[in-house]
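Dear colleague,

Please find the structure we discussed below.

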Amino acid sequence: MTTLTPPKPAIPQPGGDVTPAPEPRPAQDPAWRELVDAVREAGQYPTRSEAESVTRVVLSALGGHVVGDERVDLARALPEEAARVVASQIPATRSLTAAEFVDSVAARIEGATPATARWDVSSVLSVLPPLVGDELVTRILDQLPPGYALLFGRAELTPAA
């Protein structure tokens with residue numbers, strides 16, 4: 001079967017010149033698709049669109065709370081689209097506890113409750129360690145208040161008294 005590709009539309013320019021329309025954006029980054037697919041599987045989201053939305057919201061919230069070298073290293077380790085989401089955030093003026101962080105995500109997702117937001121946060125953050133490395137996750141957790149380890153799928157260990 002032969003498929004015909006229609007010619008690109010022309011864009012008239014001042015003076016009567018005609019230039020071809022710009023090329024469409026290339027297909028989405030495969031690494032971003034893999035991240036969204038991992039989140040979709042971890043959170044058992046019914047659609048890719050829902051998983052992508054949750055991924056953006058959670059990474060956006062995280063981007064405001066990870067600072068310094070850890071933020072730079074996190075952005076470098078993530079797929080390009082995810083890196084943009086993290087790096088575009090203005091650093092938070094105060095650290096949030098893990099529960100406050102989850103509540104801040106709930107406020108960004110229509111119809112979310114603290115319980116569903118915790119699920120969303122854990123679904124995204126728990127897929128990061130294999131992607132960015134345990135060493136970086138440990139450095140990020142060292143920067144955040146206690147309680148975040150569970151959101152990343154790790155046990156929250158406390159030193160013995």
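The notes below concern a helix pair, an aromatic pair and one glutamate.

This is a predicted model, in which local features need pLDDT of at least 70, side-chain atom pairs count only at pLDDT 80 or more, and totals for chains, interfaces and linings use all residues. Residues are numbered from 1 along each chain as its sequence is written, and side-chain values use heavy atoms, with hydrogens and water left out.

Helices here are DSSP runs (H or I, at least four residues), numbered from the N terminus. Helix H2 (residues 48-63) packs against helix H5 (residues 98-108) with the axes 10 Å apart and at an angle of about 135 degrees. Axes are lines fitted to C-alpha atoms over the stretch in contact, and angles run from 0 to 180 degrees between N-to-C directions. H2 and H5 are therefore oblique to each other (under 35 degrees counts as roughly parallel, over 145 as roughly antiparallel, 65 to 115 as roughly perpendicular, the rest as oblique). In contact (heavy atoms within 4.5 Å) are Val 57, Val 58, Ser 60, Ala 61 and Leu 62 of H2 with Phe 101, Val 105 and Arg 108 of H5.

Phe 101 also pairs with Tyr 148: the ring centres lie 5.5 Å apart and the planes at 55 degrees, so the pair is tilted (centres within 6.5 Å; under 30 degrees stacked, over 60 edge-to-face, the rest tilted). Phe 101 is buried at 0% relative accessibility, and Tyr 148 is buried at 1% (buried is under 20% relative accessible area, exposed over 50%, partly exposed in between, with a 1.4 Å probe and protein chains only).

Glu 52, in helix H2, counts as buried at 16% relative accessibility.

Yours sincerely

Notes. Helix = DSSP H or I, 4+ residues; strand = E, 2+ residues; numbered from the N terminus. Phe/Tyr/Trp six-rings, centres within 6.5 Å; stacked < 30°, edge-to-face > 60°.
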